[in-house]
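Here is a short report for a first look at this structure. Keep the sequence and the 3D view open as you read.

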Amino acid sequence: MKKSILFLLFLYNGLVFSQPKYAVFSGLNYSFFTDGFAGQIGGENSIGIQIGALAEFELTPKISFRPKLIYSQQGDRSKTSDDSEFSTELTDLDYQLDYLNIPLDFTFGKKFYFLTGPQLGFLIQQKCRGVYVGKVPNDIELGLNLGTGFTIHHVFVEFGVFQGLSTLLNYSYEPTGTLVDVRNGMAKFTVGYQL
């Protein structure tokens, strides 16, 4: 408990006394579905765009807090199968999902850095183009980011991965009788400019 309070005080002081730097960025992501946390991966030709902005608060010379606001196209964005829902593979799910994501990332390093942090996502649109196993019932998603990046003058480039912690859909895979726990996964590449 004491460590949590000290961390929150450290974060609060950094946010209050640090002059934030702002940036805009855009990029591409390759999104897919996973069965549980980092389980079986399914999804083909699922390239989407992401556009966003961030504020960077320097907590120490080598640690920064970097909250972002991102519009992100996710899910399996191409029609790949007409199979029956009773034998649906994870790769047969063709749900196009659009999110407004709020990553709360921390960066470690200066010119070359690592980043990690939780992400809160708000589902703003969903569309099924293939096998339908139900509507995504939850409009809010929680997940984790992990990545790396580098900065040259005002330009930065980031590579990262995202794993959803929230279940999007559950359905029974008939051949084995197992329950599939569908979650979002994503690999992403962005280029940004610090204002």
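## A buried asparagine

The side chains of Asn101 and Gln74 are joined by a polar contact of 2.8 Å. A polar contact is a pair of N or O atoms within 3.5 Å; within protein, one must be able to donate a hydrogen and the other to accept it, and residues adjacent in sequence count only if both atoms are side-chain atoms. Asn101 sits in strand 5, residues 95-109. Asn101 counts as buried because its relative accessibility is 2%. Buried means under 20% relative accessible area, exposed over 50%, and partly exposed in between, with a 1.4 Å probe and protein chains only.

Neighbours within four places in sequence aside, Asn101 is in contact with Lys68, Leu69, Ile70, Ser72, Gln74, Gln119, Leu120, Gly121 and Phe122. Contact means heavy atoms within 4.5 Å. Lys68 is 33 residues from Asn101 in sequence, and 7.8 Å from it in space, C-alpha to C-alpha.

## Basis of the model

This is a predicted model: local features need pLDDT of at least 70, side-chain atom pairs count only at pLDDT 80 or more, and totals for chains, interfaces and linings use all residues. Residues are numbered from 1 along each chain as its sequence is written, and side-chain values use heavy atoms, with hydrogens and water left out.

## The whole chain

The protein chain has one helix and ten strands. Their order from the N terminus is α-β-β-β-β-β-β-β-β-β-β. Helices (H or I, at least four residues) and strands (E, at least two) are DSSP runs, numbered from the N terminus.

Of the 195 residues, 46% count as buried. Take contacts between residues at least 6 apart in sequence: 64% of them join residues at least 24 apart. The accessible surface is about 10,400 Å², and 66% of this belongs to carbon and sulfur atoms. Accessible areas come from the Shrake-Rupley method with a 1.4 Å probe; for residues, only the protein chains shown count as cover.

## Strand 8 and its partners

Strand 8 covers residues 155-164; seven of its ten residues are buried, so the rest of the structure largely encloses this strand. Strand 7 and strand 8 run antiparallel, joined by ten bridges. Asn145 has Phe162 in strand 8 as its bridge partner. Strand 8 also pairs with strand 10 (residues 178-194), in the antiparallel sense, over nine bridges. There, Val161 stands opposite Ala187 in strand 10. Two strands pair if DSSP finds at least two bridges between them.

## Two loops

Strand 7 and strand 8 form a hairpin, with two residues between them. His153 lies in that loop. His153 has a positive phi of about 55 degrees, although it is not a glycine. With a relative accessible area of 74%, His153 is exposed.

Tyr132 is in the loop between strand 6 and strand 7. Tyr132 counts as partly exposed, at 47% relative accessibility. Its side chain reaches the backbone nitrogen of Lys135 at 3.1 Å. Tyr132 and Thr88 are 44 residues apart in sequence and 9.5 Å apart in space, C-alpha to C-alpha.
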